[in-house]
Amino acid sequence: MEIIYASNYEDMSRKAAIAIAQQVIKKPTSVLGFATGSTPLRTYEILIEYHRQGIVDFSCINTFNLDEYIGLSSDHPQSYSFFMLKNLFRQIQLDPSRIHIPLGTALDLSRECADYEEAIQSLGGIDFQLLGLGSNGHIGFNEPGTHLNSITHVVSLSQETIKANSRFFINLEEVPKKAITMGIKSIMNTRKILLLVSGEKKAEIIRQALSGPISKEIPASVLQLHPNATVVIDQSIL
């Protein structure tokens, strides 16, 4: 893996935005994988700036999001669909037909997972996947213990993840306990991966993920095996 140290959160975000912009400029029909959460927020703001300045045209991309809470409708303020529409997709005027996010309210969740994998394959796979890092080492919502050969599936969220995400909800009880997530194999099948790491609580887990043994107990450690993975670390956390 290529490891890049950014001087701070702003620098990390700008490096990420430049990498995504370069991907789209090089291949305007790119299939991009996106992540939610606080880590990529500034990256998305910079991409919106690039769009408004005419630096990058996102009109021909297709997107796939890593995950979605089960039980939240797409218009729920804490759903990842709502997050992406608000913080990126509407701002870059992306055609809704090009946006793919798991449906957390699907009646048949197994079918939804299979259809999501099929949709990725129908577009030739994901060219560029943006990832964040969970404080317990998860990527997507692939919690510790997830099989490294997993594809899109339903997952029960760990108590650590539920607690970490409770800051976005009124109270802990409101946080969904399950989600649909692209699997570890799904992520590893993407052609290029960019992992962003920021936040004081991530310092120890990123050390383990980058230099420790590859283990399903630290899902992010599998990225050591990816042929084209870059990690951008906000070095102020180290």
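## Close-up views: charged pairs, rings and packing

**View A. Glu45 and Arg42 join their side chains in a salt bridge, with N to O at 3.0 Å.** A salt bridge here puts a side-chain nitrogen of Lys or Arg within 4 Å of a carboxyl oxygen of Asp or Glu. The model is predicted, so local features need pLDDT of at least 70 and side-chain atom pairs pLDDT 80 or more, while totals for chains, interfaces and linings use all residues. Numbering starts from 1 along each chain as its sequence is written, and side-chain values use heavy atoms, without hydrogens or water. Both partners sit in helix H2 (residues 41–52). Glu45 and Arg42 are three residues apart there, so about one helical turn separates them. Helices (H or I, at least four residues) and strands (E, at least two) are DSSP runs, numbered from the N terminus. Arg42 is buried, at 18% relative accessibility. Glu45 is partly exposed, at 40%. Buried means under 20% relative accessible area, exposed over 50%, and partly exposed in between (1.4 Å probe, protein chains only).

**View B. In helix H1 (residues 9–26), Lys15 and Asp11 are four residues apart.** That spacing is about one helical turn. The two form a salt bridge, and their closest N and O atoms are 2.9 Å apart. Lys15 is partly exposed, with 31% relative accessibility.

**View C. Helix H7 (residues 203–211) carries both Arg207 and Glu204.** The residues are three apart, about one turn of the helix. Their side chains meet in a salt bridge, N to O 3.6 Å. Arg207 is partly exposed, with a relative accessible area of 42%. Glu204 is partly exposed too, at 45%. A separate network consists of Glu10, Arg14, Arg42, Glu45 and Glu49, joined by salt bridges that share partners. The count of salt bridges is nine.

**View D. Tyr69, Tyr80, Phe141 and Phe169 make up one aromatic cluster.** Rings of Phe, Tyr and Trp (its six-membered ring) pair when their centres lie within 6.5 Å; planes under 30 degrees apart count as stacked, over 60 as edge-to-face, the rest as tilted. The count of aromatic pairs is seven. For Tyr69 and Phe169, the ring centres are 5.9 Å apart and the planes stand at 80°, so this pair is edge-to-face. Tyr69 belongs to strand E4 (residues 67–69). Phe169 belongs to the loop between helix H5 (159–165) and strand E8 (178–181). The pair therefore ties together parts 100 residues apart in sequence. Tyr69 and Phe169 are both buried.

**View E. The rings of Tyr80 and Phe141 are stacked.** Tyr80 is in helix H3 (residues 80–89). Phe141 is in the loop between strand E6 (128–131) and strand E7 (153–156). This pair thus ties together parts 61 residues apart in sequence. Tyr80 and Phe141 are both buried.

View F. Contact means heavy atoms within 4.5 Å. Thr161 is buried, at 3% relative accessibility.

**View G. The axes of H2 and H3 come within 9 Å and cross at roughly 45°.** Axes are lines fitted to C-alpha atoms, for helices over the stretch in contact; angles run from 0 to 180 degrees between N-to-C directions. H2 is oblique to H3. Under 35 degrees counts as roughly parallel, over 145 as roughly antiparallel, 65 to 115 as roughly perpendicular, and the rest as oblique. H2 supplies Leu41, Tyr44, Leu47 and Ile48. H3 supplies Phe83, Met84, Asn87 and Leu88. By class, this contact has seven nonpolar residues, one polar and no charged. Nonpolar covers Ala, Val, Leu, Ile, Met, Phe, Trp, Tyr, Cys and Pro; charged covers Asp, Glu, Lys and Arg; the others, Gly among them, are polar.

**View H. Gln93 has a positive phi of about 55°, although it is not a glycine.** Most residues other than glycine have a negative phi. Gln93 lies in the loop between H3 and strand E5 (99–100). Gln93 is exposed, at 65% relative accessibility.

**View I. Pro77 sits in the loop between E4 and H3.** Pro77 is exposed, with a relative accessible area of 51%. From Pro77 to Gly183 is 25 Å, C-alpha to C-alpha. In sequence, the two are 106 residues apart.
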